[in-house]
Amino acid sequence: MKASKVSSFFQKYTMVLALVLVTAFFAWQSGGKSLLPANINSLISQNGYVFVLASGMLLCILTGGNIDLSVGSVICFTAAVGCVMMQAGINMWLAVAAMLLIGLAVGAFQGFWIAKLHVPPFIATLSGMYAFRGFSNIVLQGYQVSINNEAFLNIFGGGANCYVPDFIRSMTGAEGKFNLTCMVVGVVAALIFAALTVRRIMVQKRLGIHQSIPAQLATTGIICAVVVWLAWKLANFKGIPTVLIWIALVLLVYNYVTTKTAIGRHLYAVGGNEKATALSGVNTRNVFWFAYANIGMLAGLAGVLVAARAKGIDPTYGEGYEMDAIAACFIGGASAYGGIGKVSGMIIGATLMGVINQGMRIMSVDANYQKVVKGIVLLVAVMFDVLSKKQKR
Amino acid sequence: MAKILLEMKNITKTFPGVKALDNVNFQVEEGEIHALVGENGAGKSTLMNVLSGIYPYGTYEGDIVYNGQVCKFSNIKDSEKLGIVIIHQELALVPEMTIGENMYLGNERGKKFAIDWNTTYAEADKYLRMVGLEESSKVQVKTIGTGKQQLVEIAKALAKQAKLLILDEPTSSLNEEDSRALLDLMLGFKKQGMTMIIITHKLNEVAYVADKITVVRDGATIETIDNHGPEPVSEERIIKGMVGREMTNRFPPREGVKIGDILMEVDHWTVHHPLYPERKVVDDVSINVRKGEVVGIYGLMGAGRTELAMSIFGQSYGVNFSGELKIDGKPVKMKKSVTDAIKHRIAYVTEDRKGNGLVLSQSIRVNTSLANLDEISTNTVIDQDKEYAVAEEYRKKLSIKTPSVEQLVGNLSGGNQQKVLLAKWMFAEPDIMILDEPTRGIDVGAKYEIYCIINDLAAQGKCVVMISSELPEVLGMSDRIYIMNEGKMVGEMKASEATQENIMAAILRSGRGA
């Protein structure tokens, strides 16, 4: 019994352990450099788009292992339109709204073919990948367009000042560089999370749901510790990068959508058994449409973040980003057949990829070898997943 | 006494946490048909998987002695080399390939890089004739019916030079006629000296075909019954061994039957085939159901029963509908939408619980609420506490055997899965429940429990339409019986007037008339 408990623990937390080991490995190899506050900060800033895209990709994958290949091109296209608008002096919020709406429209358009005309998602989005790469080029006329709207850069995580100002320190007027706001936000977030866990456990007790309380407390404890540690690291640098707020917002929303809402439930059900779901009175085609329209909108948001971080856009941006999002989901335990996958797993997957990328960059591994390593990681991760499921049978 | 061909000695097989087989002893004589019966999960399939090498030597304890030799199979190929061939319950044919290609798949004639197609098809044809099929082996498998596909599977086994043939529920998807033909074929093979093991739930078949019957219960062999007496072994006798007690009543008594007014009426209902729109699948059918009544619909496979039910259920099957559906006396203009049907308080519990009914990768809780998420959510946000309470309520009500409602449905036995499916539709609170083969492929004990649930539903004043191809079940459960054949309604009788004979007679009469 004990042995099976240990093995089920390993099965459930394989990727978490892998993340810890990989992080430790790079910290050791780089002599602790990879854990410097500045590097933690850049890890978040550089991977912002992955978290956002992967949230959308996860929903598509849930519907039955379907992926969206077009998002890299859509990012470039929306960013191109946004940059051109801002350069023409149009209000930045108008530009941002336009980017999100264009993304949504593109997603809805592709979703229409997939949901209503039964075009395989792979093909519908492959055509989108080509077409919107072309449109980006047309909009940019082949040139790079840069952004000098400071407010836009600051809010969406680009440039030197893209951090939440330390208003606590400026209010108290205390001396020093340590970012108090960041630390306070981190601690408060951890406390709220802990409180929610306690409430959940109380509800479970009331309803007589048997779930291991120590395990839940331990998980919560670890997550809170990570949040506080992260806050401490960031506070020692320049504080909360604004992009982190957008990432956190997206992750919270999609965690909620997948776990608590009817549409989330429908995504899992369609991926698990589409026919049964249709015969339960769910309009399954609309579920597909939702997933693809949604990822289009998130591609628009990712376009905003990418443009801000790069302070502009050129026609090649976003190439291969779709693959990063797909890899994050699969490493995070999403099933390639649909119906299984969680936002929390995707976060681990995306972080693991990010840590590996950054670790190799710090160790100045050749870029070509970096790709080889990424490929191997993906294969090994999915292999673990397949093997652990096979054992269960 | 005949020679013992196969002896399995003290076989013990454990999976993490469960002992699937516990010291099983099993003997098969040469040239006999040996039936292996037992409830679902009793260990029959596991035993056969051990025998055929699916669970290789070393993963179980005990010995397999075949033809006087101890065997150590490491895969299926090893056992097939000795002539032990297993035919699985689910057909393992590739629909797009021809019969011949299927028969020699993995066993190709000719050289490795140059398949000899002439020999392949010539030999395939020879074996097809042996199983009584007239088809050419160059025909695609998808173009022939399920009954014939099953025969192709047997021909495929013969092509492997089978000496010991294992058939796992060979008739579970066949109608009575095809089943009988298959059993007669088995008897023919026996005369030629073939040894066979048959696993089945259909006890009348066991009595008809088997020389010996071994009963498996809870991973152990309970007894072996000889079927050579002057009278065939009675079904009650076998059931007693299977469930470990006497089953005096296979159907629970209907108590306090109060049949009310007509709730649902279907008039001149005609449905066409979705792929061949000129073909009528349901042809001018009229039925009605009263409150508190259990109406049985009997018919052979392909009679159009499922198609009738699904077309009533939000037109989820077929094209070019005509006819009228009335609920509570009022005509209902139903759109092509399951949601609409559910709104009109109709539920359809599918015959194909794994394919069309349940999301196997999700928990009991999630499956129970799927057809009625609105009930437990506000503004599309699901109240999971409420959901849990609902799932828990139905788990108790239907006595679904599981440690928790968080258990994945895919891990449950057939009977418990069926109960989850029923729970899902009961939670949708329909007035009219159409149950399509509600007891297919589940064991005797679970069947009885399902029957009790059906009686409860009727007692609550719901209309229950029960579609079944098991005559005793239809006779034992229904208040009124409709008989369908080839898309048409060919008879209606009160339960008190119905017998196996006059139901079959109604079907035969219609066959001659057409």
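Me: Which residues have the most contacts inside the largest nonpolar core?
Reply: The model is predicted. Its largest nonpolar core has 191 residues.

Me: What is Met57(A) in contact with, leaving aside its neighbours within four places in sequence?
Reply: Contact here takes C-beta atoms within 7 Å. Beyond its sequence neighbours, the partners of Met57(A) are Ile67(A), Asp68(A), Ile295(A), Ala325(A), Ile326(A) and Cys329(A).

Me: How many residues are in the other core, the one with Val28(B) and Leu36(B)?
Reply: This core lies apart from the largest one. Leu151(B) and Ile239(B) are also among its members. Its count is 67 residues.

Me: How do the axes of H2(A) and H15(A) cross: roughly parallel, roughly perpendicular or oblique?
Reply: Helix H2 spans residues 37-62 of chain A, and helix H15 spans residues 343-362 of chain A. Their axes come within 9 Å and cross at roughly 140 degrees. An angle over 145 would count as roughly antiparallel, and 65 to 115 as roughly perpendicular. H2(A) is therefore, relative to H15(A), oblique.

Me: Which residues of H15(A) meet H2(A)?
Reply: H2(A) passes H15(A) in a right-handed crossing. From H2(A), the residues taking part include Asn39(A), Leu43(A), Val50(A), Ala54(A) and Leu58(A). On the H15(A) side they are Val343(A), Met346(A), Ala350(A), Gly354(A), Val355(A) and Gln358(A).

Me: How are H10(A) and H11(A) set: roughly parallel or roughly perpendicular?
Reply: Helix H10 covers residues 242-260 of chain A, and helix H11 covers residues 262-272 of chain A. Their axes lie 5 Å apart, at an angle of about 70 degrees. Angles of 65 to 115 fall in one class. The two helices are therefore roughly perpendicular.

Me: Which residues of H11(A) meet H10(A)?
Reply: H10(A) passes H11(A) in a right-handed crossing. H10(A) contributes Val257(A), Thr258(A), Thr259(A) and Lys260(A). Their counterparts in H11(A) are Ile263(A), Gly264(A) and Leu267(A).

Me: Which strands stand at the edges of the open sheet of six strands in chain B?
Reply: The order is E6-E9-E10-E3-E11-E12, with mixed pairing. Each edge strand has a single partner strand, so one side of it is left without a neighbour in the sheet. These strands are E6 (84-87) and E12 (220-226).

Me: What is the average twist from one strand to the next in this sheet?
Reply: The sheet is open and has six strands in chain B. The twist averages 20 degrees.

Me: Which residue is the bridge partner of Leu165(B) in E10(B)?
Reply: Strand E9 (residues 164-168) of chain B runs parallel to E6(B), joined by four bridges. There Val85(B) stands opposite Leu165(B), and Ile87(B) has Leu167(B) as its partner. E9(B) also pairs with strand E10 (residues 195-199) of chain B, parallel, over five bridges. In E10(B), the partner of Leu165(B) is Met196(B).

Me: How many residues of E9(B) are buried?
Reply: E9(B) has five residues and is mostly covered. The buried count is four.

Me: Which residue of E17(B) is the bridge partner of Lys326(B)?
Reply: An antiparallel open sheet in chain B has the order E14-E13-E16-E17. E14 (280-290) and E17 (330-331) stand at its edges. Strand E16 (residues 319-327) of chain B pairs with E17(B) over two bridges. Lys326(B) has as its partner Pro331(B).

Me: Which helix packs on this sheet?
Reply: The helix spans residues 305-312 of chain B and touches E13, E14 and E16. Its direction makes about 70 degrees with that of E14(B). It is H9.

Me: Which residue in E23(B) stands opposite Tyr298(B)?
Reply: Strand E15 (residues 294-298) of chain B has five of its five residues buried. Five bridges join E15(B) to E22 of chain B in parallel, with Val294(B) opposite Val464(B). Four parallel bridges join E15(B) to strand E23 (residues 480-485) of chain B. In E23(B), the residue opposite Tyr298(B) is Ile483(B).

Conventions. Residues numbered from 1 in each chain as written. Chains lettered and ligands numbered in written order. Predicted model: local features only at pLDDT ≥ 70, side-chain atom pairs only at ≥ 80, totals over all residues. Core = buried A, V, L, I, M, F, W, Y, C linked by C-beta atoms within 7 Å. Buried ≥ 20, exposed ≤ 12 C-beta atoms within 10 Å, placed from the backbone. Contact = placed C-beta atoms within 7 Å. Pairing = 2+ DSSP bridges. Axes fitted to C-alpha atoms, helices over the stretch in contact; angles between N-to-C directions. Parallel < 35°, antiparallel > 145°, perpendicular 65-115°, else oblique. Left-handed = near helix turned anticlockwise from the far one by under 90°.
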